[in-house]
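Hi everyone, thanks for coming. I'd like to walk you through one structure today, so please have a look at it with me.

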Amino acid sequence: MVAVAQAFEQSSCLWLESAIFFESGFCKRVNVDRVVCVTAPLELRIQRVMQRVECSEKKAATIVRDGDERRAAYYEFYTGKTRGHGFSYHLCVNSSLLGIDATADFLCQFVEAKQSRPCEE
């Protein structure tokens with residue numbers, strides 16, 4: 001994981017997945033400007049997993065729910081905040097409203113707008 005954090009530092013990336021951010025120890029080396037949560041309704045997330053992994057609905061539901069539980073425990077352990085609560089993030093986006101590609105575009109616009117303004121706490 002440390003190698004991932006080092007590679008990120010040397011890249012021009014603006015995004016880092018939260019598990020990598022914490023597991024790598026990167027969170028102790030830098031402050032982040034914004035924390036973003038991208039979510040979608042459970043039914044849609046299950047459908048997306050079914051398509052991506054090519055599995056049954058039951059298997060996909062297990063994957064999604066198990067992942068949610070692990071991520072929630074992980075996020076709460078490292079941040080002391082509740083995963084999924086809007087006040088834990090600077091921005092929450094429901095990807096079902098725009099779709100995955102348009103949500104990614106929206107997030108890029110958010111970053112660009114944020115970069116044009118000084119960081120305000």
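**Two sides of a helix**

Let's start on one side of helix α3, where E43 and Q51 are exposed. Exposed here means over 50% relative accessible area, buried means under 20%, and partly exposed is in between, with a 1.4 Å probe and protein chains only. Before going on, a word on the model: it is predicted, with local features needing pLDDT of at least 70 and side-chain atom pairs counting only at pLDDT 80 or more, while totals for chains, interfaces and linings use all residues. Residues are numbered from 1 along each chain as its sequence is written, and side-chain values use heavy atoms, leaving out hydrogens and water.

Back to α3: which residues are buried there? They are I46, R48 and V49. These cover an arc of only 160° around the axis, so they sit on the same side of α3; the arc is that of the directions from the helix axis to the C-beta atoms. Helices (H or I, at least four residues) and strands (E, at least two) are DSSP runs, numbered from the N terminus.

How far apart are the end C-alpha atoms of α3? They are 16 Å apart, which agrees with the 16 Å that its twelve residues, 42-53, should span at 1.5 Å a residue. The expected span is 1.5 Å times one less than the number of residues.

Now to the charges. How many salt bridges does a search of the whole structure find? Two, where a salt bridge is a side-chain nitrogen of Lys or Arg within 4 Å of a carboxyl oxygen of Asp or Glu. R45 forms one with D68, with the closest N and O atoms 2.3 Å apart. That pair links distant parts of the chain, 23 residues apart: R45 is in α3 and D68 in helix α4 (residues 57-79). The other joins R71 and D68 (3.4 Å, N to O). Both of these residues lie in α4, three residues apart, about one turn of the helix. Together, R45, D68 and R71 are linked in a network of salt bridges. D68 counts as buried, at 18% relative accessibility, whereas R71 is partly exposed at 37%.

Finally, the strands. Strand β1 (residues 36-39) runs parallel to β2, joined by four bridges; pairing takes at least two DSSP bridges. C37 stands opposite C92 in β2.
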